[in-house]
Amino acid sequence: MNKASMIWIDWKLAGKSLAREWMNRFFMFFLLGGFLLLLLASHGINRFLSEQWVVNAVLRLNVSAAEGAGIASKARKLPAVRSVVYKDPEAAWSEFLADYPGLESLRLEGDNPVPGYLHIRLLPERLTAEDIAGVENALKPLPQVEKVFTGAKTLPRLLKVRGWVNLSLWVLFGILSSILFFMCVLQEAARARALRADFSFLAERGVSHAAIMTGRAVGSALVAGLLVLPAIGAAWLLSIAAAGRFPILSSVLGPVEEVVRSGGFPFVVLYLAAVPCLIFVASLYGWRASKIQTHRK
């Protein structure tokens with residue numbers, strides 16, 4: 001037999017069982033790839049925190065709606081800022097009455113006593129003490145700004161917890177990857193033992209066990225490479241569909257398109273390249289675990 005035929009030897013000898021095995025692996029590639037996409041899109045729990053953590057800039061009472069809108073426009077151009085919502089004095093007054101009904105008389109005694117304000121949210125990857133301080137330093141010197149509230153006192157503790165949670169999520173991804181690897185090792189070893197007689201038959205006719213072992217590993221890596229791309233593509237499409245159907249997912253996990261915008265695409269490429277390599281190594285380990293001799297008989 002030539003080297004090319006060694007690549008597909010398992011498919012020739014146990015095609016049906018191998019097809020079921022690869023269907024299960026496709027599902028595992030799908031789950032692991034989806035987990036990776038969500039981690040990259042959400043930056044761990046950064047997106048959730050960026051939705052909850054808001055910098056409020058309260059404007060002075062004499063600032064007009066036009067001036068407030070201009071300051072909001074400038075704030076949106078800050079590199080760490082994701083969104084700015086400006087509430088002019090009239091909108092702020094309406095919110096005040098909704099929270100404290102019955103105080104309409106305050107305005108009868110004079111002008112609107114409630115100033116306008118900016119509601120600022122940062123990019124998930126820019127939710128750091130330095131970037132929040134940068135937003136504060138950009139707004140605080142403006143004469144139209146009365147006060148900037150950043151919650152800086154509780155921020156260091158929150159960021160420390162965030163770091164540990166994000167690290168835990170990546171550790172979980174590593175654990176799941178390891179489980180996938182060792183499951184493939186067990187599957188490869190079990191299949192090698194099941195086909196031991198066929199491999200011995202080939203060895204008796206001059207085919208070395210080393211050639212069989214390497215050919216099987218190359219074949220497994222090729223199939224993994226063919227399956228991992230549609231698997232992560234399916235995870236990508238499902239994430240987009242789920243975010244469209246359940247908006248809360250988009251706000252917490254983020255649109256999966258963020259993977260490209262935030263520089264996470266190289267990690268996706270690394271995943272696509274790593275899976276076939278890991279399956280290749282798993283096949284080699286599986287062969288050795290099957291206790292089949294690697295020399296020619």
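Visitor: Why is N166 called buried?

Guide: Buried is the word for a residue under 20% relative accessible area. N166 has 13% relative accessibility, so N166 counts as buried. Keep in mind as we go that this is a predicted model.

Visitor: Where does N166 lie, and what is N166 in contact with?

Guide: N166 lies in helix α8. Setting aside neighbours within four places in sequence, N166 is in contact with H43, G44, I45 and N46. Contact here means that heavy atoms come within 4.5 Å.

Visitor: What makes W170 and F173 an edge-to-face pair?

Guide: Two values matter, because a pair of aromatic rings is described by the distance of the centres and the angle of the planes. Rings pair if their centres lie within 6.5 Å, and planes over 60 degrees apart count as edge-to-face. W170 and F173 are 5.9 Å apart, centre to centre, with 80° between the planes, and that makes them an edge-to-face pair. A search of the whole structure finds 5 aromatic pairs. Ring pairs also link F35, W170 and F173 into a cluster.

Visitor: How do you know that W170 and F173 are separated by about one helical turn?

Guide: They are 3 residues apart in helix α8, so about one helical turn separates them. As for cover, W170 is partly exposed, with a relative accessible area of 37%, whereas F173 is buried, at 13%.

Visitor: How do you know that the charged end of R25 sits over the ring of W22?

Guide: Part of the test is that CZ of Arg is within 6 Å of the ring centre. The charged end of R25 is 4.5 Å from the centre of the W22 ring. The test also asks for a place within 35 degrees of the ring normal.

Visitor: And why is S83 called partly exposed?

Guide: S83 has 24% relative accessibility, so S83 counts as partly exposed. S83 is found in strand β2, residues 81-87. Leaving out residues up to four places away in sequence, S83 touches H119, I120 and R121.

How values were computed:
Residues are numbered from 1 along each chain as its sequence is written. This is a predicted model: local features need pLDDT of at least 70, side-chain atom pairs count only at pLDDT 80 or more; totals for chains, interfaces and linings use all residues. Side-chain values use heavy atoms; hydrogens and water are left out. Helices (H or I, at least four residues) and strands (E, at least two) are DSSP runs, numbered from the N terminus. Buried means under 20% relative accessible area, exposed over 50%, partly exposed in between (1.4 Å probe, protein chains only). Rings of Phe, Tyr and Trp (its six-membered ring) pair if their centres lie within 6.5 Å; planes under 30 degrees apart count as stacked, over 60 as edge-to-face and the rest as tilted.
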